[in-house]
Amino acid sequence: MLSPTASSPARSQSFLDKTESRELRVGIIGLGYVGLPLTLLFSEEKFRVTGFDVDERKVSTLTDGGSYIYRILPEEIAAARNSGFSATTDYAGLAEMNAIIICVPTPLNEHHEPDLSYIENTAHAIAPNLRPGQLVILESTTYPGTTEEVLVPILEKENKLALKAARSADDGDNVFHVAFSPEREDPGNTSVARRDIPKVIGGLEPLATQYASALYNSIFNRVVPVSSPAAAEMTKLLENIYRCVNIALVNELKLLCLRMGIDIFEVIQAASTKPFGFQPFYPGPGLGGHCIPIDPFYLSWKAKEYDFHTRFIELAGEVNLSMPYHVVASVAAALNRQKKSLNGAKAFVLGMAYKKDIDDLRESPSLTIIELLQREGASVSYNDPFFPTVGRGRKYDLNMSSTPLNRIEEFDCVLIVTDHSSYNYPDIVKRAKLVVDTRNATKGIKADNIVRC
Ligand SMILES: NC(=O)c1ccc[n+]([C@@H]2O[C@H](COP(=O)([O-])OP(=O)(O)OC[C@H]3O[C@@H](n4cnc5c(N)ncnc54)[C@H](O)[C@@H]3O)[C@@H](O)[C@H]2O)c1
(Lines give C-alpha, C1' and ligand atoms only; values in the text may rest on other atoms or scores of the structure.)
Protein backbone atom coordinates (compact mmCIF):
# COMPACT_ATOMS: atom_id res chain seq x y z
CA MET A 1 0.00 0.00 0.00
CA LEU A 2 1.48 3.34 -1.03
CA SER A 3 1.39 6.16 1.42
CA PRO A 4 1.21 9.40 -0.52
CA THR A 5 2.11 12.68 1.10
CA ALA A 6 1.48 15.91 -0.76
CA SER A 7 0.77 19.54 -0.39
CA SER A 8 -2.54 19.41 1.51
CA PRO A 9 -1.95 20.19 5.21
CA ALA A 10 -2.75 16.62 6.22
CA ARG A 11 -0.35 15.19 3.67
CA SER A 12 2.48 17.55 4.50
CA GLN A 13 2.04 16.74 8.16
CA SER A 14 2.18 13.08 7.21
CA PHE A 15 5.61 13.56 5.55
CA LEU A 16 6.96 15.42 8.56
CA ASP A 17 5.44 12.98 11.07
CA LYS A 18 6.84 10.03 9.18
CA THR A 19 10.25 11.65 9.19
CA GLU A 20 10.01 12.15 12.91
CA SER A 21 8.79 8.59 13.55
CA ARG A 22 11.28 7.08 11.04
CA GLU A 23 8.46 5.44 9.09
CA LEU A 24 9.56 7.51 6.11
CA ARG A 25 11.02 5.30 3.40
CA VAL A 26 14.24 6.64 1.89
CA GLY A 27 15.51 5.52 -1.51
CA ILE A 28 19.07 6.37 -2.50
CA ILE A 29 20.05 6.06 -6.16
CA GLY A 30 23.77 5.55 -6.77
CA LEU A 31 25.64 3.71 -4.00
CA GLY A 32 29.11 5.14 -4.59
CA TYR A 33 31.40 7.35 -2.53
CA VAL A 34 28.48 9.73 -1.83
CA GLY A 35 25.40 7.49 -1.81
CA LEU A 36 26.71 4.69 0.39
CA PRO A 37 27.91 6.88 3.32
CA LEU A 38 24.61 8.78 3.09
CA THR A 39 22.77 5.47 3.30
CA LEU A 40 24.69 4.63 6.46
CA LEU A 41 23.84 7.98 8.07
CA PHE A 42 20.12 7.45 7.47
CA SER A 43 20.39 3.85 8.68
CA GLU A 44 22.15 4.95 11.86
CA GLU A 45 19.13 7.15 12.52
CA LYS A 46 16.87 4.12 12.03
CA PHE A 47 15.42 5.04 8.66
CA ARG A 48 14.68 2.08 6.45
CA VAL A 49 16.76 2.76 3.36
CA THR A 50 16.65 1.08 -0.02
CA GLY A 51 19.68 1.61 -2.23
CA PHE A 52 19.35 1.46 -6.01
CA ASP A 53 22.35 0.97 -8.28
CA VAL A 54 22.91 -0.26 -11.83
CA ASP A 55 26.12 -2.00 -10.76
CA GLU A 56 25.13 -5.57 -9.93
CA ARG A 57 28.52 -6.25 -8.36
CA LYS A 58 28.00 -3.47 -5.80
CA VAL A 59 24.46 -4.58 -5.04
CA SER A 60 25.50 -8.17 -4.45
CA THR A 61 28.49 -7.13 -2.31
CA LEU A 62 26.18 -5.08 -0.08
CA THR A 63 23.57 -7.81 -0.01
CA ASP A 64 26.27 -10.18 1.20
CA GLY A 65 27.19 -7.69 3.93
CA GLY A 66 30.44 -6.59 2.28
CA SER A 67 31.88 -3.18 1.42
CA TYR A 68 33.78 -1.90 -1.64
CA ILE A 69 34.88 1.42 -0.12
CA TYR A 70 38.02 1.26 2.01
CA ARG A 71 36.84 3.53 4.82
CA ILE A 72 33.45 1.76 5.14
CA LEU A 73 33.68 -1.42 7.17
CA PRO A 74 31.54 -4.51 6.57
CA GLU A 75 30.32 -4.11 10.19
CA GLU A 76 28.75 -0.79 9.19
CA ILE A 77 26.94 -2.45 6.30
CA ALA A 78 25.74 -5.19 8.65
CA ALA A 79 24.43 -2.57 11.11
CA ALA A 80 22.59 -0.80 8.27
CA ARG A 81 21.07 -4.08 7.18
CA ASN A 82 19.81 -4.55 10.72
CA SER A 83 18.03 -1.20 10.34
CA GLY A 84 16.30 -2.48 7.21
CA PHE A 85 18.79 -1.43 4.52
CA SER A 86 18.68 -3.39 1.30
CA ALA A 87 20.21 -2.81 -2.12
CA THR A 88 18.70 -3.58 -5.50
CA THR A 89 19.04 -2.99 -9.23
CA ASP A 90 15.25 -3.01 -9.63
CA TYR A 91 13.76 0.49 -9.82
CA ALA A 92 10.18 -0.72 -9.25
CA GLY A 93 10.73 -0.35 -5.50
CA LEU A 94 11.04 3.44 -5.98
CA ALA A 95 7.25 3.64 -5.93
CA GLU A 96 7.35 2.66 -2.25
CA MET A 97 9.75 5.44 -1.29
CA ASN A 98 8.67 8.75 0.26
CA ALA A 99 12.00 10.43 -0.45
CA ILE A 100 14.30 9.61 -3.37
CA ILE A 101 17.85 10.95 -3.29
CA ILE A 102 19.97 10.89 -6.45
CA CYS A 103 23.76 10.47 -6.05
CA VAL A 104 24.91 9.44 -9.54
CA PRO A 105 28.10 10.60 -11.32
CA THR A 106 28.39 13.88 -13.21
CA PRO A 107 31.61 13.59 -15.26
CA LEU A 108 32.80 15.54 -18.29
CA ASN A 109 32.58 13.99 -21.76
CA GLU A 110 35.49 13.74 -24.19
CA HIS A 111 34.88 17.34 -25.31
CA HIS A 112 35.21 18.55 -21.72
CA GLU A 113 31.47 19.27 -21.53
CA PRO A 114 28.99 18.19 -18.82
CA ASP A 115 27.86 14.60 -19.21
CA LEU A 116 24.39 14.55 -17.68
CA SER A 117 23.53 11.12 -19.05
CA TYR A 118 23.61 9.54 -15.57
CA ILE A 119 21.14 12.09 -14.18
CA GLU A 120 18.96 11.73 -17.27
CA ASN A 121 18.97 7.92 -17.10
CA THR A 122 18.07 8.09 -13.42
CA ALA A 123 15.20 10.48 -14.16
CA HIS A 124 13.91 8.13 -16.88
CA ALA A 125 13.99 5.31 -14.34
CA ILE A 126 12.26 7.27 -11.55
CA ALA A 127 9.46 8.73 -13.70
CA PRO A 128 7.34 5.59 -14.17
CA ASN A 129 7.50 5.00 -10.42
CA LEU A 130 6.64 8.54 -9.29
CA ARG A 131 3.81 8.88 -6.78
CA PRO A 132 1.97 11.95 -5.45
CA GLY A 133 3.74 13.62 -2.56
CA GLN A 134 7.13 12.03 -3.12
CA LEU A 135 10.20 14.17 -2.56
CA VAL A 136 12.99 13.86 -5.15
CA ILE A 137 16.36 15.35 -4.17
CA LEU A 138 19.34 15.68 -6.51
CA GLU A 139 22.72 15.58 -4.74
CA SER A 140 25.03 15.17 -7.76
CA THR A 141 27.22 18.21 -8.40
CA THR A 142 26.11 20.07 -11.49
CA TYR A 143 25.58 23.50 -13.10
CA PRO A 144 22.85 25.86 -11.88
CA GLY A 145 19.62 25.02 -13.67
CA THR A 146 20.05 21.26 -13.95
CA THR A 147 17.32 20.39 -11.44
CA GLU A 148 14.72 22.59 -13.11
CA GLU A 149 15.85 22.28 -16.72
CA VAL A 150 16.86 18.61 -16.93
CA LEU A 151 15.49 16.58 -14.01
CA VAL A 152 12.01 18.08 -13.58
CA PRO A 153 11.00 18.03 -17.28
CA ILE A 154 11.79 14.31 -17.62
CA LEU A 155 9.93 13.46 -14.41
CA GLU A 156 6.90 15.54 -15.46
CA LYS A 157 6.81 14.21 -19.01
CA GLU A 158 7.34 10.53 -18.32
CA ASN A 159 5.38 9.81 -15.14
CA LYS A 160 2.22 7.77 -15.56
CA LEU A 161 -0.06 9.81 -13.27
CA ALA A 162 0.22 13.23 -14.96
CA LEU A 163 1.95 14.54 -11.84
CA LYS A 164 3.58 17.96 -11.88
CA ALA A 165 6.47 19.21 -9.78
CA ALA A 166 5.04 21.46 -7.07
CA ARG A 167 6.00 25.08 -7.75
CA SER A 168 3.84 26.74 -5.10
CA ALA A 169 1.83 25.77 -2.04
CA ASP A 170 -1.39 26.12 -4.10
CA ASP A 171 -0.55 23.39 -6.57
CA GLY A 172 -2.87 20.82 -5.04
CA ASP A 173 -2.19 17.17 -4.35
CA ASN A 174 -1.29 15.88 -7.80
CA VAL A 175 2.30 16.88 -7.36
CA PHE A 176 5.73 15.63 -6.38
CA HIS A 177 8.33 17.79 -4.66
CA VAL A 178 11.86 18.55 -5.85
CA ALA A 179 14.98 19.93 -4.21
CA PHE A 180 18.71 20.14 -4.83
CA SER A 181 21.10 19.56 -1.96
CA PRO A 182 24.83 19.27 -2.71
CA GLU A 183 27.14 16.74 -1.14
CA ARG A 184 30.03 18.65 0.48
CA GLU A 185 32.17 15.83 1.79
CA ASP A 186 35.97 16.05 1.78
CA PRO A 187 37.12 12.44 1.30
CA GLY A 188 39.82 11.38 3.72
CA ASN A 189 39.28 14.40 5.98
CA THR A 190 38.62 12.97 9.41
CA SER A 191 38.74 16.31 11.23
CA VAL A 192 35.08 17.13 10.51
CA ALA A 193 32.39 14.51 11.12
CA ARG A 194 30.01 14.09 8.22
CA ARG A 195 27.10 15.16 10.44
CA ASP A 196 28.85 18.45 11.17
CA ILE A 197 29.01 19.50 7.53
CA PRO A 198 25.98 21.80 7.16
CA LYS A 199 23.56 20.68 4.47
CA VAL A 200 22.56 23.32 1.92
CA ILE A 201 19.03 22.81 0.54
CA GLY A 202 17.18 24.56 -2.26
CA GLY A 203 13.63 23.40 -2.95
CA LEU A 204 11.56 24.26 -5.99
CA GLU A 205 8.97 25.68 -3.55
CA PRO A 206 8.88 26.17 0.22
CA LEU A 207 7.28 22.83 1.00
CA ALA A 208 10.05 20.93 -0.83
CA THR A 209 12.62 22.87 1.20
CA GLN A 210 10.67 22.14 4.39
CA TYR A 211 10.46 18.39 3.66
CA ALA A 212 14.10 18.13 2.65
CA SER A 213 15.16 20.18 5.67
CA ALA A 214 13.22 17.92 8.02
CA LEU A 215 14.73 14.85 6.42
CA TYR A 216 18.34 16.08 6.49
CA ASN A 217 17.89 17.56 9.96
CA SER A 218 17.49 13.98 11.13
CA ILE A 219 21.05 13.15 10.08
CA PHE A 220 22.94 16.47 9.91
CA ASN A 221 23.45 18.91 12.76
CA ARG A 222 22.61 21.94 10.66
CA VAL A 223 20.67 22.62 7.47
CA VAL A 224 21.05 25.78 5.39
CA PRO A 225 17.96 26.49 3.29
CA VAL A 226 18.44 28.68 0.21
CA SER A 227 15.82 30.16 -2.09
CA SER A 228 16.00 27.80 -5.07
CA PRO A 229 17.66 24.67 -6.48
CA ALA A 230 19.83 26.91 -8.68
CA ALA A 231 21.16 28.78 -5.64
CA ALA A 232 22.07 25.45 -4.02
CA GLU A 233 23.67 24.20 -7.24
CA MET A 234 25.71 27.40 -7.52
CA THR A 235 26.75 27.21 -3.85
CA LYS A 236 28.46 23.88 -4.45
CA LEU A 237 30.22 25.19 -7.55
CA LEU A 238 31.41 28.33 -5.76
CA GLU A 239 33.00 26.14 -3.07
CA ASN A 240 34.79 23.94 -5.58
CA ILE A 241 35.84 26.79 -7.86
CA TYR A 242 37.24 28.65 -4.85
CA ARG A 243 39.36 25.60 -4.14
CA CYS A 244 40.40 25.05 -7.75
CA VAL A 245 41.44 28.69 -8.27
CA ASN A 246 43.39 28.86 -5.02
CA ILE A 247 45.20 25.61 -5.74
CA ALA A 248 46.13 26.98 -9.18
CA LEU A 249 47.42 30.18 -7.56
CA VAL A 250 49.62 28.28 -5.16
CA ASN A 251 50.80 25.93 -7.92
CA GLU A 252 51.87 28.93 -9.99
CA LEU A 253 53.64 30.51 -7.04
CA LYS A 254 55.40 27.20 -6.39
CA LEU A 255 56.85 27.30 -9.92
CA LEU A 256 58.11 30.82 -9.28
CA CYS A 257 59.49 29.89 -5.84
CA LEU A 258 61.39 26.96 -7.38
CA ARG A 259 63.14 29.37 -9.76
CA MET A 260 63.84 31.81 -6.94
CA GLY A 261 65.15 29.14 -4.58
CA ILE A 262 62.38 29.75 -2.01
CA ASP A 263 60.57 26.92 -0.22
CA ILE A 264 56.86 27.47 -0.97
CA PHE A 265 55.81 25.19 1.90
CA GLU A 266 57.78 27.29 4.38
CA VAL A 267 56.09 30.39 2.95
CA ILE A 268 52.59 28.88 3.22
CA GLN A 269 53.27 27.83 6.80
CA ALA A 270 54.39 31.33 7.71
CA ALA A 271 51.44 32.98 5.89
CA SER A 272 49.04 30.64 7.73
CA THR A 273 49.94 32.30 11.01
CA LYS A 274 47.88 35.33 9.93
CA PRO A 275 44.72 35.09 12.04
CA PHE A 276 42.42 36.47 9.32
CA GLY A 277 42.15 36.82 5.55
CA PHE A 278 44.36 33.86 4.63
CA GLN A 279 43.48 30.20 4.15
CA PRO A 280 46.29 27.81 3.21
CA PHE A 281 46.16 25.78 -0.01
CA TYR A 282 48.98 23.46 -1.01
CA PRO A 283 50.69 22.86 -4.35
CA GLY A 284 50.88 19.37 -5.82
CA PRO A 285 51.36 17.29 -8.95
CA GLY A 286 47.97 18.29 -10.40
CA LEU A 287 44.31 18.08 -9.50
CA GLY A 288 42.47 14.81 -8.98
CA GLY A 289 39.19 13.36 -7.84
CA HIS A 290 35.68 13.52 -9.14
CA CYS A 291 35.09 17.14 -8.07
CA ILE A 292 37.75 19.83 -8.29
CA PRO A 293 39.11 19.03 -11.80
CA ILE A 294 35.60 18.66 -13.20
CA ASP A 295 32.96 20.78 -11.48
CA PRO A 296 34.30 24.23 -12.46
CA PHE A 297 33.91 23.29 -16.12
CA TYR A 298 30.22 22.62 -15.55
CA LEU A 299 29.88 26.31 -14.79
CA SER A 300 32.11 27.51 -17.67
CA TRP A 301 29.97 25.48 -20.02
CA LYS A 302 26.70 26.90 -18.67
CA ALA A 303 28.11 30.44 -18.59
CA LYS A 304 28.53 30.37 -22.40
CA GLU A 305 24.74 30.26 -22.70
CA TYR A 306 24.80 33.73 -21.11
CA ASP A 307 27.67 35.06 -23.32
CA PHE A 308 29.87 34.95 -20.25
CA HIS A 309 33.47 33.82 -20.21
CA THR A 310 34.61 32.45 -16.81
CA ARG A 311 38.24 33.57 -17.04
CA PHE A 312 39.35 32.57 -13.54
CA ILE A 313 38.12 29.01 -14.10
CA GLU A 314 39.86 28.71 -17.46
CA LEU A 315 43.13 30.13 -16.14
CA ALA A 316 43.07 27.92 -13.06
CA GLY A 317 42.37 24.91 -15.29
CA GLU A 318 45.32 25.81 -17.51
CA VAL A 319 47.75 26.08 -14.57
CA ASN A 320 46.51 22.94 -12.82
CA LEU A 321 46.51 20.86 -16.02
CA SER A 322 50.14 21.83 -16.65
CA MET A 323 51.36 20.45 -13.31
CA PRO A 324 51.88 16.79 -14.38
CA TYR A 325 54.01 18.11 -17.27
CA HIS A 326 56.07 20.12 -14.78
CA VAL A 327 56.54 16.97 -12.68
CA VAL A 328 57.78 14.93 -15.63
CA ALA A 329 60.13 17.73 -16.71
CA SER A 330 61.48 17.80 -13.14
CA VAL A 331 62.12 14.04 -13.22
CA ALA A 332 63.97 14.41 -16.54
CA ALA A 333 66.08 17.29 -15.15
CA ALA A 334 66.87 15.39 -11.95
CA LEU A 335 67.98 12.31 -13.91
CA ASN A 336 70.01 14.54 -16.22
CA ARG A 337 71.91 15.86 -13.21
CA GLN A 338 72.84 12.25 -12.48
CA LYS A 339 73.98 11.87 -16.11
CA LYS A 340 70.95 9.68 -16.95
CA SER A 341 68.16 10.20 -19.45
CA LEU A 342 64.46 9.75 -18.88
CA ASN A 343 64.38 7.62 -21.99
CA GLY A 344 65.22 4.16 -20.72
CA ALA A 345 65.10 5.11 -17.02
CA LYS A 346 63.28 2.94 -14.48
CA ALA A 347 60.80 5.13 -12.62
CA PHE A 348 58.86 4.12 -9.49
CA VAL A 349 55.71 6.11 -8.78
CA LEU A 350 54.63 6.11 -5.13
CA GLY A 351 50.93 6.73 -4.60
CA MET A 352 48.33 6.34 -7.33
CA ALA A 353 45.26 7.69 -5.47
CA TYR A 354 44.46 11.32 -6.18
CA LYS A 355 45.15 12.24 -2.57
CA LYS A 356 46.62 10.69 0.52
CA ASP A 357 45.02 7.79 2.37
CA ILE A 358 42.03 7.31 0.09
CA ASP A 359 41.09 4.57 -2.35
CA ASP A 360 39.94 6.81 -5.20
CA LEU A 361 41.79 6.93 -8.50
CA ARG A 362 39.45 9.15 -10.45
CA GLU A 363 41.22 11.88 -12.44
CA SER A 364 44.38 11.21 -10.41
CA PRO A 365 47.44 13.12 -11.70
CA SER A 366 49.45 9.90 -11.28
CA LEU A 367 47.64 8.49 -14.32
CA THR A 368 48.72 11.39 -16.55
CA ILE A 369 52.22 11.37 -15.09
CA ILE A 370 52.68 7.65 -15.82
CA GLU A 371 51.42 8.13 -19.34
CA LEU A 372 53.83 11.05 -19.91
CA LEU A 373 56.78 9.15 -18.42
CA GLN A 374 56.05 6.15 -20.64
CA ARG A 375 55.71 8.41 -23.67
CA GLU A 376 59.23 9.70 -22.99
CA GLY A 377 60.57 6.13 -22.95
CA ALA A 378 60.72 5.49 -19.18
CA SER A 379 59.80 2.10 -17.81
CA VAL A 380 57.31 2.79 -15.01
CA SER A 381 56.24 0.77 -11.96
CA TYR A 382 54.08 1.94 -9.08
CA ASN A 383 53.24 1.20 -5.47
CA ASP A 384 49.98 2.03 -3.74
CA PRO A 385 48.60 0.17 -0.70
CA PHE A 386 45.06 0.97 -1.88
CA PHE A 387 45.47 -0.33 -5.43
CA PRO A 388 47.02 -3.81 -5.84
CA THR A 389 46.28 -3.45 -9.55
CA VAL A 390 45.36 -0.62 -11.88
CA GLY A 391 43.57 -1.71 -15.02
CA ARG A 392 41.43 0.34 -17.31
CA GLY A 393 39.31 3.41 -16.57
CA ARG A 394 37.53 6.18 -18.41
CA LYS A 395 40.77 7.84 -19.50
CA TYR A 396 43.51 5.27 -18.87
CA ASP A 397 44.49 1.75 -19.76
CA LEU A 398 47.50 0.82 -17.63
CA ASN A 399 47.17 -2.85 -16.78
CA MET A 400 49.77 -2.66 -13.98
CA SER A 401 50.24 -4.28 -10.56
CA SER A 402 51.61 -2.66 -7.44
CA THR A 403 55.35 -3.35 -6.97
CA PRO A 404 56.49 -4.01 -3.39
CA LEU A 405 58.49 -1.26 -1.71
CA ASN A 406 61.35 -3.65 -0.98
CA ARG A 407 62.37 -3.32 -4.64
CA ILE A 408 63.02 0.41 -4.35
CA GLU A 409 66.78 0.04 -4.96
CA GLU A 410 66.09 -1.23 -8.51
CA PHE A 411 64.81 2.14 -9.73
CA ASP A 412 66.63 5.14 -11.17
CA CYS A 413 64.03 7.48 -9.72
CA VAL A 414 61.36 7.25 -7.02
CA LEU A 415 58.59 9.76 -7.69
CA ILE A 416 56.32 10.63 -4.77
CA VAL A 417 52.99 11.56 -6.34
CA THR A 418 50.70 10.82 -3.39
CA ASP A 419 51.98 11.07 0.18
CA HIS A 420 50.15 8.18 1.85
CA SER A 421 50.70 8.13 5.62
CA SER A 422 51.79 4.50 5.61
CA TYR A 423 55.02 5.25 3.72
CA ASN A 424 58.23 5.44 5.72
CA TYR A 425 59.81 8.44 4.00
CA PRO A 426 63.22 8.43 5.77
CA ASP A 427 63.61 4.77 4.76
CA ILE A 428 62.54 5.47 1.19
CA VAL A 429 65.08 8.30 0.90
CA LYS A 430 67.81 6.13 2.42
CA ARG A 431 67.27 3.34 -0.11
CA ALA A 432 66.44 5.25 -3.29
CA LYS A 433 69.02 6.47 -5.82
CA LEU A 434 66.93 9.57 -6.48
CA VAL A 435 63.68 10.87 -4.95
CA VAL A 436 61.50 13.43 -6.71
CA ASP A 437 58.96 14.70 -4.20
CA THR A 438 55.84 16.51 -5.44
CA ARG A 439 54.12 16.73 -2.02
CA ASN A 440 56.74 17.85 0.48
CA ALA A 441 56.47 14.36 1.98
CA THR A 442 60.21 14.40 2.70
CA LYS A 443 59.96 17.62 4.69
CA GLY A 444 62.69 17.81 7.31
CA ILE A 445 64.79 15.04 5.72
CA LYS A 446 68.19 16.27 4.61
CA ALA A 447 69.72 14.21 1.79
CA ASP A 448 71.42 14.95 -1.54
CA ASN A 449 69.21 12.54 -3.47
CA ILE A 450 65.95 14.49 -2.87
CA VAL A 451 64.56 16.88 -5.46
CA ARG A 452 61.44 18.75 -4.36
CA CYS A 453 59.34 19.94 -7.27
N1 LIG B 1 33.17 11.54 -4.21
C2 LIG B 1 33.11 12.69 -3.59
O3 LIG B 1 33.92 12.96 -2.72
C4 LIG B 1 32.05 13.72 -3.90
C5 LIG B 1 31.96 14.84 -3.06
C6 LIG B 1 30.97 15.77 -3.32
C7 LIG B 1 30.12 15.60 -4.42
N8 LIG B 1 30.24 14.51 -5.23
C9 LIG B 1 29.30 14.37 -6.34
O10 LIG B 1 28.40 13.31 -6.05
C11 LIG B 1 28.02 12.62 -7.24
C12 LIG B 1 28.31 11.13 -7.08
O13 LIG B 1 29.71 10.97 -6.92
P14 LIG B 1 30.34 9.62 -6.34
O15 LIG B 1 31.74 9.96 -6.01
O16 LIG B 1 29.47 9.02 -5.31
O17 LIG B 1 30.29 8.70 -7.66
P18 LIG B 1 30.51 7.12 -7.71
O19 LIG B 1 30.93 6.82 -9.09
O20 LIG B 1 31.36 6.69 -6.57
O21 LIG B 1 29.07 6.53 -7.44
C22 LIG B 1 28.00 6.69 -8.31
C23 LIG B 1 27.18 5.43 -8.28
O24 LIG B 1 26.04 5.64 -9.13
C25 LIG B 1 25.79 4.42 -9.82
N26 LIG B 1 24.96 4.71 -10.97
C27 LIG B 1 25.35 5.24 -12.16
N28 LIG B 1 24.26 5.38 -12.95
C29 LIG B 1 23.20 4.95 -12.25
C30 LIG B 1 21.82 4.85 -12.53
N31 LIG B 1 21.31 5.25 -13.70
N32 LIG B 1 21.01 4.34 -11.58
C33 LIG B 1 21.53 3.93 -10.39
N34 LIG B 1 22.82 4.01 -10.06
C35 LIG B 1 23.64 4.52 -10.99
C36 LIG B 1 27.15 3.86 -10.09
O37 LIG B 1 27.12 2.48 -10.37
C38 LIG B 1 27.89 4.19 -8.80
O39 LIG B 1 27.78 3.15 -7.86
C40 LIG B 1 28.79 13.30 -8.36
O41 LIG B 1 27.98 14.28 -8.94
C42 LIG B 1 29.95 13.95 -7.64
O43 LIG B 1 30.44 15.08 -8.35
C44 LIG B 1 31.19 13.56 -4.98
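1. Helix axes here are lines fitted to C-alpha atoms over the stretch in contact, and angles run from 0 to 180 degrees between N-to-C directions. The model is predicted. On that basis, α6 packs against helix α8 (residues 229–260) at an angle of about 115°, the two axes being 8 Å apart. On the α6 side the contact uses T146, T147 and E148, and on the α8 side P229, A230 and E233. By class, these residues are two nonpolar, two polar and two charged.

2. Helix α6 (residues 146–158) also meets helix α5 (residues 117–126), with axes that come within 8 Å and cross at roughly 30°. Angles under 35 degrees count as roughly parallel, so α5 is described as roughly parallel to α6. The handedness of this crossing is right-handed. From α5, the residues in contact are I119, E120, A123, H124 and I126; from α6, they are T146, V150, L151, I154, L155 and E158. Seven nonpolar, two polar and two charged residues make up the contact of α5 with α6. T146 is listed in this contact and also in the contact of α6 with α8.

3. Helix α8 has a contact with helix α10 (residues 295–304) as well; their axes come within 8 Å and the crossing is at roughly 110°. The two helices are therefore roughly perpendicular to each other, the range for that term being 65 to 115 degrees. The crossing of α8 and α10 is left-handed. L237, N240, I241 and C244 of α8 face D295, P296, Y298 and L299 of α10 in the contact. The class count for this contact of α8 with α10 is six nonpolar, one polar and one charged.

4. On domains, the assignment for the protein chain gives domain 1 as 9–227 and domain 2 as 246–452. Their centres, taken over C-alpha atoms, are separated by 35 Å. Domain 1 and domain 2 each supply 16 residues to the contact between them. On the side of domain 1 that touches domain 2, ten residues are nonpolar, five are polar and one is charged.

5. Around the ligand there are 26 residues, of which G30, G32, Y33, V34 and S140 come nearest. Helix α5 provides the largest share of this shell, with three residues. The shell around the ligand comprises twelve nonpolar, nine polar and five charged residues.

Technical notes. Residues are numbered from 1 along each chain as its sequence is written. This is a predicted model: local features need pLDDT of at least 70, side-chain atom pairs count only at pLDDT 80 or more; totals for chains, interfaces and linings use all residues. Helices (H or I, at least four residues) and strands (E, at least two) are DSSP runs, numbered from the N terminus. Angles under 35 degrees count as roughly parallel, over 145 as roughly antiparallel, 65 to 115 as roughly perpendicular and the rest as oblique. A crossing is left-handed if the near helix is turned anticlockwise from the far one by less than a right angle, and right-handed if clockwise. Two residues are in contact if their C-beta atoms, placed from the backbone, lie within 7 Å. Ala, Val, Leu, Ile, Met, Phe, Trp, Tyr, Cys and Pro count as nonpolar, Asp, Glu, Lys and Arg as charged, and the others, Gly among them, as polar. Domain bounds come from an automatic or database domain assignment. A residue is near a molecule or strand if its C-beta atom, placed from the backbone, lies within 6 Å of it.
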